Amino acid sequence: MNKLVVALIVLLHNYRQSICQNATRPNIVMVMSDAFDGRLSFDPGSKLVQLPYINYLRELGSNFLNAYTNSPICCPSRAAMWSGQFVHLTESWNNYKCLNENATTWMDLLEKNGYHTKAMGKLDYTSGSHSVSNRVEAWTRDVQFLLRQEGRPVSQLVGNMSTVRIMQKDWKNTDTATQWIHQTAASSQQPFALYLGLNLPHPYKTDSLGPAAGGSTFRTSPYWLTKVSSELISVPKWLPMAAMHPVDYYSTFTKNCSGIFTVEEVKSIRAFYYAMCAEADAMLGQVISALRDTDLLKNTVVIFTADHGELAMEHRQFYKMSMFEGSSHVPLLIMGPGLMSGLQVNQLVSLVDLYPTVLDIAGISAGGNLSGHSLLPLLSTSHAISKKQRPDWVLSEYHGCNVNASTYMLRSGQWKYITYADGLSVCPQLFDLTLDKDELHNVVLKFPDVQVHLDKLLHSIVDYPKVSTAVHLYNKKAFGTWRHSLGRNYSQVIANLRWHVDWQNNVLANERAIDQWLYSTS
């Protein structure tokens, strides 16, 4: 038998093996929203707003009741999801500094192993994006000044009962995704993986505050408001400003929430936020419908999640950037062939678990150096138990703007432990989520043994004082480089960032505070 015949036999064997493998491997579709409070995916939160397609996934798939972000802000959170690593390992410190463009993601590995892949919509996991204000506010968080960095949260009603498509950019991306399913995925001989990133229900930019403004407008139409059970909307309990933890006080002030809000304002913001969640759910529904219409749904694993939550005026704050449940708790629902239906999973999980899970679904080895663990053993009765034991904790960390200290959250059992910086200079927080779901009672002094145990566990996961120091040094270096690059324009540029109103009130003192911080040896 000559070499040519042998080569042809090998090629035929590999082709048949590939066809067989592709026929058995499921398709994978992930829809990731932005700022979606995970508590809305199960009772009692699910009663607040009609989310028919999330409920569809809940009934026919599995719902993770204790899923958390690994960093409650857009880019670092997504960096953790795409890389499968905690943010301190990839040094994804803020919205400006995340993964390198050549970082290997789970989608890269799917493509390398025979999947037809497509990612569209909001990706936001590589360095270099977001506004100048956003990055400067993160770099200067240790400076001894207190400046409002966000617009005051407001609600805005647009359109009428026939106005359905409010977030046009998201709907355009959703239309493109469903078109791709119909025209490309349906005729593909390969298994496919589709990722759709949504902006909703992230609040919109407040146009009146200029092009550098952050997102502080909760916008919807009467159509979506009809999906909200307004009679069930609660007004969150707030601690007095004087009784707040110092980091929470800083966040409340910089988020422009320290002023007076009426009950009607708070309820309106929360109602509009829930309505925005309903619009995002409809986009998820359009994707599911496209899979059903093309007869692909039966062989497709559908995953819905979010990068972080939204406080929606809980703890006198909006936005994210907090370890409180509204900000750190995310939805995670998974449905697909061979996976259990109607399952409510109580185990603690986080977004880094999605990297090994997706690869496990595709039958691809995830390799080492991952922070997460495959969720498949929790979902499939036929799946072999992993030799790598799943931890009984989740880690989240935050190093960005609107918070004036690196923050670390360890959730384990009934406890949520939050510590800051070096663990000594800022007092930690401890909440018993079984007894205190609103997280209003810091019991760290009442349970010193629990605090010692959890802090020791946290130290075994990450040397957080060392990480905090690294972030502090990075902030100084990055700000100094940026300042030098502006030359004579520096004073004008920094005075016109999002904090410009407060900055102009005391320019000399603010510039002096920055100089003292930048040139200090600590």
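**View 1. Tyr-398 and its bridge partner in β14.** The bridge partner of Tyr-398 in β14 is Thr-407. Strands β13 and β14 (residues 407–412) pair in the antiparallel sense over six bridges; two strands count as paired if DSSP finds at least two bridges between them. Helices (H or I, at least four residues) and strands (E, at least two) are DSSP runs, numbered from the N terminus. The model is predicted: local features need pLDDT of at least 70, side-chain atom pairs count only at pLDDT 80 or more, and totals for chains, interfaces and linings use all residues. Residues are numbered from 1 along each chain as its sequence is written, and side-chain values use heavy atoms, with hydrogens and water left out.

View 2. Four strands, in the order β13-β14-β15-β16, form an open sheet with antiparallel pairing. Because β13 (393–398) and β16 (429–432) stand at the edges with a single partner strand each, one side of each is left without a neighbour in the sheet. From one strand to the next the twist averages 15 degrees. Helix α14 (residues 448–461) packs on the sheet and touches β13, β14, β15 (415–420) and β16, contact meaning heavy atoms within 4.5 Å. The direction of α14 makes about 65 degrees with that of β15; axes are lines fitted to C-alpha atoms, for helices over the stretch in contact, and angles run from 0 to 180 degrees between N-to-C directions.

**View 3. Packing of helices α7 and α10.** Helix α7 (residues 168–183) and helix α10 (residues 263–293) pack at about 10 degrees, with axes 9 Å apart. The two helices, α7 and α10, are therefore roughly parallel to each other (angles under 35 degrees).

Key:
Angles under 35 degrees count as roughly parallel, over 145 as roughly antiparallel, 65 to 115 as roughly perpendicular and the rest as oblique.
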